[in-house]
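Have the sequence and the structure open as you read.

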Amino acid sequence: MLSLYTSYVELRAEHDHSYKAMCDISERISCTKVFTSRYGRGFGIVGPVLGDDSLLNVPNGFYGIFYYFVVAAFSFSDHLAISRLNSYLILLSNCLSLYLAYLLYYVLEDMCIVCVTTYAVNFISLILALQKIQVLIRDEQVMRAFKVSKTK
């Protein structure tokens, strides 16, 4: 939902310069300022590397929509390999959150409530993904032990 809101705010602000989002509280606490900055598309990396007209230079929220859809789909799997892949994706998103948090506080000198909430969601997702892996490993060990004792 946060990614959808992010995308909506950015697109709306691009078409209506007088638009004020709910997350725009003051000059220093403004999600619109962050979303419409050069870092709000392609994480500030795609544009300089591939050009501003690149198909990959889309609002960060679009990447988030795709990412969270994939992570949610993988979360339904009880296969250890898929759960590990999911945890790697989530770890990558946490690294990206650190990069974006640095940009937010030190480059843009802004506070974005939606952004910080997204960072928290990513961190909680990492904790839950790692706990799921622990459970799956424990279940696998129990099943192996059960098979060994059953064959004796």
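Predicted model: local features only at pLDDT ≥ 70, side-chain atom pairs only at ≥ 80, totals over all residues.

An unreviewed UniProt entry places the feature "domain: Vitamin K epoxide reductase" at residues 1–133. Over that stretch the chain is 67% helix and 0% strand, with the end C-alpha atoms 26 Å apart.

Now for helix α5, which covers residues 80–107. The buried residues of α5 include several leucines, namely Leu80, Leu100, Leu103 and Leu104. Also buried are the serines Ser83, Ser87, Ser93 and Ser97, along with Asn86, Asn94, Ile90 and Ala101. In an α-helix, residues three or four places apart point the same way, because there are 3.6 residues a turn.

Just after α5 comes glutamate 109 with its positive phi, in the loop that leads from α5 to α6 (113–151). Phenylalanine 43 sits in another loop, between α2 (31–35) and α3 (46–50). Neither residue is a glycine. Here they are side by side:

| Residue | Phi | Relative accessibility |
|---|---|---|
| Phenylalanine 43 | about 60 degrees | 16% |
| Glutamate 109 | about 50 degrees | 44% |

Buried means under 20% relative accessible area, so phenylalanine 43, at 16%, is buried. Glutamate 109, at 44%, counts as partly exposed.

Technical notes
Residues numbered from 1 in each chain as written. Heavy atoms only, no water. Helix = DSSP H or I, 4+ residues; strand = E, 2+ residues; numbered from the N terminus. Expected span 1.5 Å × (residues − 1). Buried < 20%, exposed > 50% of the residue type's maximum accessible area, 1.4 Å probe, protein only. UniProt positions renumbered as here; feature names shortened; annotations may be inferred.
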